[in-house]
Structures are given as C-alpha cells and as structure tokens.
Amino acid sequence: MKNYLGNAFMQLHAEINSATTVLCPEKIYLDITEDCNLHCAMCRDKVKMDGKSMPMELFKKLVDETSPYCKSYSLFIWGEPLVLNDFQERVQYVHAKKKPECNIEISTNGMLLTGEMIRFLHRYEVRVIVSFDGASKAIFEKIRTGANFERVCSNAEVLNHIYSDKSLDIAPAVYTSVQRDNQRELTEIVNVVDKLGFRRIGFGLVTGPVEFTSSFNIELCNDLSNAYRSAEQHDLFIELYPTRVGDFVYWGDEYVPAEGFAVKTRCDAPFINTVVRYDGEVCLCCNFGATVGNITNRNLLEIWRSLQYDNLRNTVNDIESMPDPCRRCWWVNRF
C-alpha cells in the first residue's frame, strides 16, 4: 500500500481555496519591478536599479481586466517592491478594484520597512512576507548582501507590533531560503523570528545556482525537522515547507524514505496562477520558463485561454519536453 503525498505548491494555495472560475488565474504575480536595493548571493551579483518597472498604465489595465475574478495579487517576483516611488498608488488601485475576499501580498527584504510604510501596509491589509535567511549577523549579511541585520530586525519588530491586531491570515510572515550557508542555523532562525514577533514562517529550498544549494540528504532533513519542531514549540504557523528533500519525504513529524509513497510531482501552476513581468511578458510561473504572450498588445485573459497556453500547460508535465527549470522545481517535488 502506498501513502499519497502532496507538494509545497498545494500549501502555497491552501489559503485561497477554490478558484472563482477557470477563465481567469486565481493568483496573479505582478513583477512590478526588477530593481532591488540588495544583491543577494543566490539571486544577482550586484545592485541593479535600471528602471525595469511595469508602467502604471499597463498595471492598471491588467488589474481592471482581472479584478472581477482574481483571488490574490502578489506584487513581487524578483525585485524589491518598496523601491518604487509609486508603490503606494499601486496598492491603493488594486485595493479599490479587487473583490473583498481577494488578498494583496508583497515580499520584501525588510530594509525599507519604515514606520510610515508599515502603517500604510496595515491600513490596506497588505500581507507582508519578509525574507530572513540568517540567525546571525554574519550569515544574514553574507546571503542578503547589502542588508543590515540590526535594521531588518528593528523594522520587523515594528511591523509585528503594528500588525498585532490583525488575524493570522493577515499577519506578517518570514520566508527562509534554505541553502548551504544557513542550513545549520535554521532552528536558531526560528528562535530569532519568534522573538521579533512573527506568527508565521515558511521554508523553501534554493535549488540553484549549485554553489549555494545544500545537499539534499538526511542531514538537511534533520536540520529542517528540528526547525519545524522549534516553530511548533513557539506556536508559529508553518505555512510552507518542502514535502520532499532528495530521497526523503516529510511524514508525521520527520522525513522518511520516499519509497513507501506515491509522490505528487504534477505541476498545477499553469492552471491556477500566472506571472506578468514588468515588460508585459506572461510566464507560466515564478520560475519564468517559457513566455506565452505580452499584455501590451493582448488581454491577459485572451492569453490565459489561448491554445499556446494550453500547449505549455501540457509541456510542463511532459517528462520529455518540460523546460529545464521545471525539472528541478522543489515546489512540485522534482529535484
């Protein structure tokens, strides 16, 4: 008998519930800018502030088209959304257009979370995810190059204090990119973020570039399991974690050999969400991969319902023809 195992992508979408309609993606990632004030080790080799931001006219066009259906807008992909001078205007526009049950979220490195910005985000009930990759100043600043550990911690304390009146579904969260340099600090990261007032935490695996990737072995499994146990002791909600690590799967409260499981590796991302880059290019998911069209000259929903999109939906689950990023995607247990 086989036990059936889901994947982290299913965790990511658990809070959205079912789709409103298959005619529109339920979650839309908007790459409002690729500019960033840091150059994190596994992401880019230098600070890039090139003005690669989505024009406001294009942004509003997309929101106008999708707001009757969409259940979640994520205003980030690779850049730092808070570097935009018109960031608040964008949030206000989405908030005015969206359905009441639709959420807005951002991911930030935490450096620009001023008190004024936090109060704005709180007022519009924007869910904030803070990237937090080290429990010590040395590791944190090695990974998040250009960041200041003390400033991010101080900003996080203010963030959680201001959001303390919000329910768990709106509460700020931490996302830890698990990699070679911070693998042994995972439990201590949990302890630090608990002291900073966070109530939610997620863990994701860095699968490339290879020099930053942990070995997907039992040692990593033990480091992750210890971090999960610490989070539960602190009453932190673990909203995201890898269900598979190499030849092991998480079952009960530990990672066990995968051979007793039917592991779900099918990718449902192209059926549920989409990504629109700053220049209007539409991609299947946050790993980018193949593009399907551009909203500067077509409507997003026309692209979403196109034959080309359907063909790519099939491709990502075809072992012979799937794009290379799909082959090593930890979200759907493929690495």
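How many of the 335 residues of the protein count as buried? The share is 56%, where buried means under 20% relative accessible area, exposed means over 50%, and partly exposed lies in between (1.4 Å probe, protein chains only).

1. Basis of the note. This is a predicted model, in which local features need pLDDT of at least 70 and side-chain atom pairs count only at pLDDT 80 or more, while totals for chains, interfaces and linings use all residues. Residues are numbered from 1 along each chain as its sequence is written, and side-chain values use heavy atoms, with hydrogens and water left out.

2. Overall form. The protein contains 12 helices and 15 strands; helices (H or I, at least four residues) and strands (E, at least two) are DSSP runs, numbered from the N terminus. A compact globule of 335 residues would have a radius of gyration near 20 Å, and the 19 Å of the protein agrees with this. That radius is taken over C-alpha atoms, and the globule rule is 2.2 Å times the number of residues to the power 0.38. Along the principal axes, the C-alpha atoms fill a box of roughly 50 × 50 × 40 Å.

3. Contacts and surface. Contact means heavy atoms within 4.5 Å. Of the contacts between residues at least 6 apart in sequence, 70% join residues at least 24 apart. The protein exposes about 14500 Å², and carbon and sulfur atoms supply 50% of this area. Such areas come from the Shrake-Rupley method with a 1.4 Å probe; for residues, only the protein chains shown count as cover.

4. Charges. There are 37 positive and 45 negative side chains, and the centres of the two sets lie 3 Å apart. Lys and Arg count as positive and Asp and Glu as negative, whereas His and the chain ends are not counted. Each charge is placed at NZ of Lys, CZ of Arg, CG of Asp or CD of Glu.

5. Strands β3 and β4. Strand β4 (residues 103-108) is mostly covered, with 5 of its 6 residues buried. Strand β3 (residues 72-74) runs parallel to β4, and 3 bridges join them; two strands pair if DSSP finds at least two bridges between them. S72 stands opposite N103 in β4.

6. Helix α4. In helix α4 (residues 115-123), the buried residues are M117, I118, F120, L121 and H122. Their cover includes α3 (87-97), β4, β5 (126-131) and α6 (149-162). An α-helix has 3.6 residues a turn, so residues three or four places apart point the same way. After α4 comes E125, which has a positive phi, near 50°.

7. Strand β7 is largely enclosed by the rest of the structure, because 6 of its 6 residues are buried. In a regular strand the side chains alternate between the two faces of the sheet. In β7, R200, G202 and G204 point one way and I201, F203 and L205 the other way, and all are buried. Strand β6 (residues 173-178) pairs with β7 in the parallel sense over 6 bridges, and A173 has R200 as its bridge partner in β7.

8. The sheet β9-β10-β11. These 3 strands form an open sheet in that order, with antiparallel pairing. The edge strands, β9 (244-245) and β11 (254-257), each pair on one side only. Between β10 and β11 the antiparallel pairing covers 4 bridges, and Y250 has Y255 as its bridge partner in β11.

9. Residue V249. V249 belongs to strand β10 (residues 248-251) and counts as buried because its relative accessibility is 0%. The C-alpha atoms of V249 and E302 are separated by 39 Å, the two residues being 53 apart along the chain.

10. Backbone points to inspect. Which peptide bond is cis, with omega near -5°? The bond from G208 to P209 is cis, and P209 is found in the loop between β7 (200-205) and α8 (218-233). D235, although not a glycine, has a positive phi of about 60°; its place is in the loop between α8 and β8 (237-240). D235 counts as exposed because its relative accessibility is 68%. N333, also not a glycine, has a positive phi of about 65° and is found in the segment after α12 (324-327). At 0% relative accessibility, N333 counts as buried.
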